[in-house]
Amino acid sequence: MESAQRFSLFRYAAPNMFYPLAGRLAPMFAVAAVVLALVGLYMGFFVAPTDAVQGEVYRVIFIHVPAAWMSMFIYLVMALWSGVGVVFNTRLSAMMAQALAPTGAMFCFVALWTGALWGRPTWGAYWVWDARLTSQLLLLFLYFGFMALTAAIEDPRRADRAGAILALVGAVNVPIIYFSVTWWNTLHQGASVSLTKAPSMATTMLWAMLIMALASWAYTIAVVLWRVRGLILERERHTEWVAAELDAAEARA
Amino acid sequence: MLSVFLEVLRRDLLLAWRNRADVLVTLAFFTIVACLFPFGVGSESNQLRAIAPGVLWVAALLATLLSLHRIFAQDHSDGVLEQLLLSPEPAVLWALAKILAHWLTTALPLILAAPALALLFDMEQSATAVLILSLALGTPILSLLGAVGAALTLGLRGGGMLLALLVLPLFVPILIFGAGAVDAHLSGTGAAAHLLLLGGGSLGALALAPWACTAALRIAVE
Amino acid sequence: MSWGSMSEFLAMGGAGFYVWGSYGVTFALIVIELVVVLRRRKQVVNRLQRLRRAMQASRTRKENRQ
């Protein structure tokens with residue numbers, strides 16, 4: 001049983017096996033994302049009650065918190081794939097890391113944008129140098145750095161490995177950055193109101209948030225699989241299986 | 001083994017001495033950036049005293065950033081780097097020697113010049129001492145982390161800007177604890193915690209950064 | 001349900017700009033990302049197909065000459 005499982009895992013580590021698998025899985029996750037988002041939004045807007053303290057504006061958290069979670073989690077997964085790529089020297093893992101980065105940056109920006117729009121009526125300013133917002137901003141810079149580095153290197157092998165080292169160095173630094181920013185923030189401003197520590201969250205609010213988080217998971221998986229398919233085709237263009245794939249695509253068209 | 005370390009260190013210091021104008025330019029840059037701030041925010045001395053630690057730290061950060069490409073660029077273009085990587089000597093050792101040489105030729109002059117700049121901002125003497133200490137403990141991290149960034153961007157088009165984008169977010173904690181040490185000293189809470197964190201950070205970077213740096217160099221040279 | 005009418009729903013208790021500004025931009029970004037990713041793959045497929053056709057054409061030309 002175990003040997004069969006290992007066999008299948010390694011089987012799909014090869015780009016030519018992974019490409020059709022990704023093509024089959026991505027639409028499933030996309031459908032799951034749409035369904036979950038619809039359920040989550042319905043619960044968020046029509047079931048969850050008005051917040052006693054913040055009024056209706058709190059409904060931003062149904063995207064703000066999942067986006068913030070996703071942006072951090074995606075960086076972690078990116079570093080994980082990079083580590084796998086460095087240790088096992090697999091081509092696919094670097095492609096996965098590069099496919100994840102733009103979506104992570106997107107979620108990072110969404111978290112910042114919604115945080116600013118939530119902050120204006122709540123704090124009275126679009127931006128305050130709050131520990132969470134500030135570390136989110138630095139995380140966005142880390143994503144930009146990773147994307148800029150991999151884009152600047154023309155040789156794909158070098159881009160893969162340089163990106164992997166940068167992602168790992170960044171992952172070591174993320175906790176340090178978060179710790180330092182929190183430290184700096186408490187010294188300079190004292191504790192501020194935090195979005196995720198909203199007093200007395202109703203259970204329906206929590207459920208809506210969790211379902212939206214699952215929706216962003218499904219969305220991330222779908223879009224990353226689609227992106228990695230493009231990367232695989234480009235990288236493997238000299239191989240037989242890509243030629244067969246192209247012929248099949250032509251026949252379909 | 002130690003002889004590689006000493007030999008590379010000696011060679012880099014000698015090269016730096018021959019190109020000592022570069023070192024002076026870095027120092028001049030540090031001074032000028034720091035001197036720009038009074039023109040921007042006004043010369044009110046209470047305000048200047050309040051921003052001085054942050055300004056001097058940011059200036060030191062930028063000066064270090066601009067000098068980072070010097071660690072490997074020349075050795076990369078004349079092929080010395082390749083020879084060093086091919087040699088049987090442990091790469092971590094000579095990479096560390098090069099980083100140390102960079103620290104001695106950029107950070108050390110900045111630390112020595114900082115008291116004079118502190119005078120321009122009317123900083124208290126005890127605060128100046130804490131600033132010097134924080135610079136001494138924090139700048140090794142700048143050199144170590146910066147060397148990883150320099151190795152990753154070696155030989156790339158637009159490498160300078162890219163290097164800034166890669167390393168500046170990583171420098172934020174050092175800035176926070178470095179400038180924070182002086183603030184904490186002035187506010188009476190004591191700078192010990194900040195300085196200990198900077199020292200710990202230096203040791204951590206010393207243990208990890210040379211490995212990442214040599215890995216990045218191997219990738220860049222292949 | 002806490003909404004009496006459509007306009008009440010859109011007003012979001014006076015916070016309409018903030019709530020819909022957040023959701024609107026997020027939705028727009030997701031749509032843009034999907035369009036970019038899917039079009040990118042199609043472009044790659046088209047480019048590689050053209051490349052292959054060009055190579056096959058040059059090969060047959062060479063064979064005809066022989």
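This report covers the confidence, chain folds, helix packing and chain contacts of a predicted model.

## Confidence

The predicted model scores ipTM 0.89 and pTM 0.89. Chain B averages a pLDDT of 91. In that chain, 100% of the residues score at least 70. Within chain B, helix H4 (residues 73-77) has the lowest confidence, at a mean of 88. H7(B) has the highest, at 94.

Chain C has a mean pLDDT of 85. Of its residues, 97% reach 70 or more.

## Fold of chain B

Chain B contains nine helices and zero strands. Along the sequence its pattern reads α-α-α-α-α-α-α-α-α. Its C-alpha atoms fill a box of roughly 55 × 30 × 30 Å along the principal axes.

The radius of gyration of chain B is 18 Å. A compact globule of 222 residues would come near 17 Å, so chain B agrees with that expectation.

## Shape of chain C

Chain C also lacks strands: the count is two helices and zero strands. Its C-alpha trace spans about 80 × 20 × 15 Å along its principal axes.

A compact globule of 66 residues would have a radius of gyration near 11 Å, but chain C has 26 Å.

## Helix packing in chain B

H7(B) and H8(B) pack with their axes 9 Å apart. The angle between them is about 165 degrees. Angles over 145 degrees count as roughly antiparallel, and H7(B) and H8(B) are therefore roughly antiparallel to each other. Their crossing is right-handed.

The contact of H7(B) with H8(B) has 19 nonpolar residues and seven polar ones. It has no charged residues.

## Helix packing around H4(A)

H4(A) packs with H5(A), residues 131-152 of chain A. The two axes come within 9 Å and cross at roughly 150 degrees. That makes H4(A) roughly antiparallel to H5(A). The crossing is left-handed. H4(A) contributes residues including A:Ala101, A:Gly104, A:Ala105, A:Cys108 and A:Leu112. H5(A) contributes residues including A:Leu133, A:Leu140, A:Phe144 and A:Met147. By class, the contact of H4(A) with H5(A) has 15 nonpolar, five polar and no charged residues.

H4(A) also packs with H7(A). These axes come within 9 Å and cross at roughly 130 degrees. H4(A) and H7(A) are therefore oblique to each other. H4(A) passes H7(A) in a right-handed crossing. From H4(A), the contact takes A:Met95, A:Met96, A:Gln98, A:Ala99, A:Leu100 and A:Thr103. From H7(A), the residues include A:Val223, A:Val224, A:Arg227, A:Leu231 and A:Arg235. The classes are nine nonpolar, three polar and two charged residues. A:Gln98 is listed in the contact with H5(A) and in the contact with H7(A).

## Contact between chains A and C

Two pairs of chains touch, and the most contacts are between chains A and C. This contact takes 30 residues from chain A and 24 residues from chain C.

On chain A, H4 (91-123), H7 (203-235) and H8 (240-252) each supply at least two residues. The largest share comes from H4(A), with nine residues. The side of chain A that touches chain C has 17 nonpolar, five polar and eight charged residues.

## Contact between chains A and B

In this contact, 20 residues of chain B meet 23 residues of chain A. Which helices of chain B give two or more residues to the side that touches chain A? They are H7 (125-152), H8 (159-187) and H9 (192-221) of chain B. H8(B) gives the most, with 10 residues.

The side of chain B that touches chain A divides into 17 nonpolar, two polar and one charged residue.

## Chains B and C

No contact joins chain B and chain C. Their closest C-alpha atoms lie 23 Å apart. Chain A, by comparison, has contacts with chain B and with chain C.

Note on methods:
Residues are numbered from 1 along each chain as its sequence is written. Chains are lettered from A and ligands numbered from 1 in the order in which they are written. This is a predicted model: local features need pLDDT of at least 70, side-chain atom pairs count only at pLDDT 80 or more; totals for chains, interfaces and linings use all residues. Two residues are in contact if their C-beta atoms, placed from the backbone, lie within 7 Å. Helices (H or I, at least four residues) and strands (E, at least two) are DSSP runs, numbered from the N terminus. Ala, Val, Leu, Ile, Met, Phe, Trp, Tyr, Cys and Pro count as nonpolar, Asp, Glu, Lys and Arg as charged, and the others, Gly among them, as polar. pLDDT is the predictor's confidence in each residue, from 0 to 100. Axes are lines fitted to C-alpha atoms, for helices over the stretch in contact, and angles run from 0 to 180 degrees between N-to-C directions. Angles under 35 degrees count as roughly parallel, over 145 as roughly antiparallel, 65 to 115 as roughly perpendicular and the rest as oblique. A crossing is left-handed if the near helix is turned anticlockwise from the far one by less than a right angle, and right-handed if clockwise. The radius of gyration is taken over C-alpha atoms; the globule rule is 2.2 Å times the number of residues to the power 0.38.
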